[in-house]
Amino acid sequence: MIKTYQYNDNIQLSEHFNSKEFRCKCGKPHEYKVSETLVNNLEVLFGKLDCSKIIVTSGYRCVQHDKNVGGSGSGQHVEGTASDICCYDKDGKPIDSRLVCCKAQDIGFKGIANINMSYQYTHVDMRQNGKWYGDEVVSYSTVTDDFYKYFHIERDEEKEDDDMSGALNGIDISYCQTKVDWNKVTSDFVIARAGYGKVASQKDNMFESHYAGAKSRGIPIGAYWYSYATSEAEAEQEADVCLEILKGKQFEYPIFYDVEEKRQFDLGKEKVSAIIRAFLSKVEAAGYWVGLYMSASPLKDFVEDDIRNRYAIWVANTGVSKPSYSGAYGVWQYKVGTAPGVTGDVDLDYCYVDYPSAIKANGLNGFSKDDTKPAPTTDKDTIDVEIKFNGKTYKGTLEA
Ligand SMILES: [Zn+2]
Ligand SMILES: [Zn+2]
């Protein structure tokens, strides 16, 4: 998703990047565009390179500025999908661009280039069509399909940190994922966007297809509803529309309320919490295991404790080794990447809670209680969550 920002916007897009870092450097105070996927991938790069900071030397460019700096006026910078960066290590020294190119390649940036002789500046972009790996010192055309080989850098054998033992691997999908080959999907679970807002026609275009696909393979599925509500009344209308769309289906994973609009956060913690409560309590009363999807930072700032303690929490925090949210959570959206069976980029998630057993045992989400044996998790009021990662063990407790 590419978002447009006003010149004076000063919005924290992720842990280490603010919107204003990407604005056009032509000097005119005009709006600018930034790709969310670009920022997510920059965060991953930040972690992979163990950076102290990444400076964006050029982000969005208007057509005129792009031409002024030697571009065609229609490239990735003009789209908001590129940035030129200088990465700094923990000692504050610039990291060699040759290494940055290699790591950017690992992460899946499609356009990557060393920019100049100093090997301190790197261009990265999220182009959709084809691949462009360049070394502008040598040539503007593609110079390689593997930077490791090209720069004679050895791949480090350090274990990929994507595979956390004990956690289930899942994906969340929406109208953005129009091509899913369900026979090739290997995910342990799927969370599909059911729709958005408060009007009945606002069902996600791909929801039926995604639901049918997951069911055809027996892959446990949950759903989320994207909110635009700015009042409790609107949240209840959203709940009604959402319930209408969920009707007759069975979900092994919770129904999450997706709250991420700036105009909602502008209302403040008390109001945001009231909106969330209005939606979740209504959907819960209709027999669903419900939860909240939110980025780590607003989850800390705009959600009152009763919500965080009572409902399933799905925290979004990409490019970090552990979410910056310190409360308990059941699902973590940790990366934008690729997954077997899905064409294009997709959000990747870990799950630490056995929702299917708990949901079926309680006869929720379209399941009937008589169908299933009780699961051990329902014997307790809380579920202990233990996350092993990078040799450390993180423990938390979720209310059942
Ligand atoms: Zn400009
Ligand atoms: Zn560039």
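In this predicted model, the largest nonpolar core has 58 residues, of which Tyr257 and Ile276 touch the most other members; a nonpolar core here is a set of buried Ala, Val, Leu, Ile, Met, Phe, Trp, Tyr and Cys residues joined through side-chain atoms within 4.5 Å, and buried means under 20% relative accessible area, with exposed over 50% and partly exposed in between, for a 1.4 Å probe and protein chains only. Once neighbours within four places in sequence are set aside, isoleucine 276 is in contact (heavy atoms within 4.5 Å) with Tyr257, Val259, Leu292, Met294, Val303 and Ile307. In soluble globular proteins, nonpolar side chains tend to be buried together.

Helices (H or I, at least four residues) and strands (E, at least two) are DSSP runs numbered from the N terminus. H9 covers residues 269-285, and its 17 residues reach 24 Å from the first C-alpha to the last, close to the 24 Å expected at 1.5 Å a residue, where the expected span is 1.5 Å times one less than the number of residues. Just after H9, glycine 287 takes a positive phi of about 100 degrees.

Aromatic rings also link these elements. Rings of Phe, Tyr and Trp (its six-membered ring) pair if their centres lie within 6.5 Å, and planes under 30 degrees apart count as stacked, over 60 as edge-to-face and the rest as tilted; by this rule there are 25 aromatic pairs. Tyrosine 224 and tyrosine 293 form a stacked pair because their ring centres are 6.5 Å apart and their planes lie at 25 degrees. This pair links distant parts of the chain, with tyrosine 224 in strand S10 and tyrosine 293 in strand S12, 69 residues apart. Tyrosine 224 is buried, with a relative accessible area of 9%, and tyrosine 293 is buried with 10%. Tyrosine 257 and phenylalanine 279 form a stacked pair too, at 3.7 Å centre to centre and 5 degrees between the planes. Tyrosine 257 lies in strand S11 and phenylalanine 279 in helix H9, so the pair ties together parts that are 22 residues apart in sequence. Elsewhere, Tyr119, Tyr133, Phe147, Tyr150 and Phe151 form one aromatic cluster.

Across the chain there are 12 helices and 17 strands, and buried residues make up 50% of its 400 residues. The mean pLDDT, the predictor's confidence in each residue from 0 to 100, is 89, and 89% of the residues reach 70 or more. It stays under 50 over residues 159-163 and over residues 372-383. Where pLDDT is low, the predicted coordinates should not be read in detail.

Residues are numbered from 1 along each chain as its sequence is written, while chains are lettered from A and ligands numbered from 1 in the order in which they are written. Local features need pLDDT of at least 70 and side-chain atom pairs count only at pLDDT 80 or more, whereas totals for chains, interfaces and linings use all residues, and side-chain values use heavy atoms, with hydrogens and water left out.
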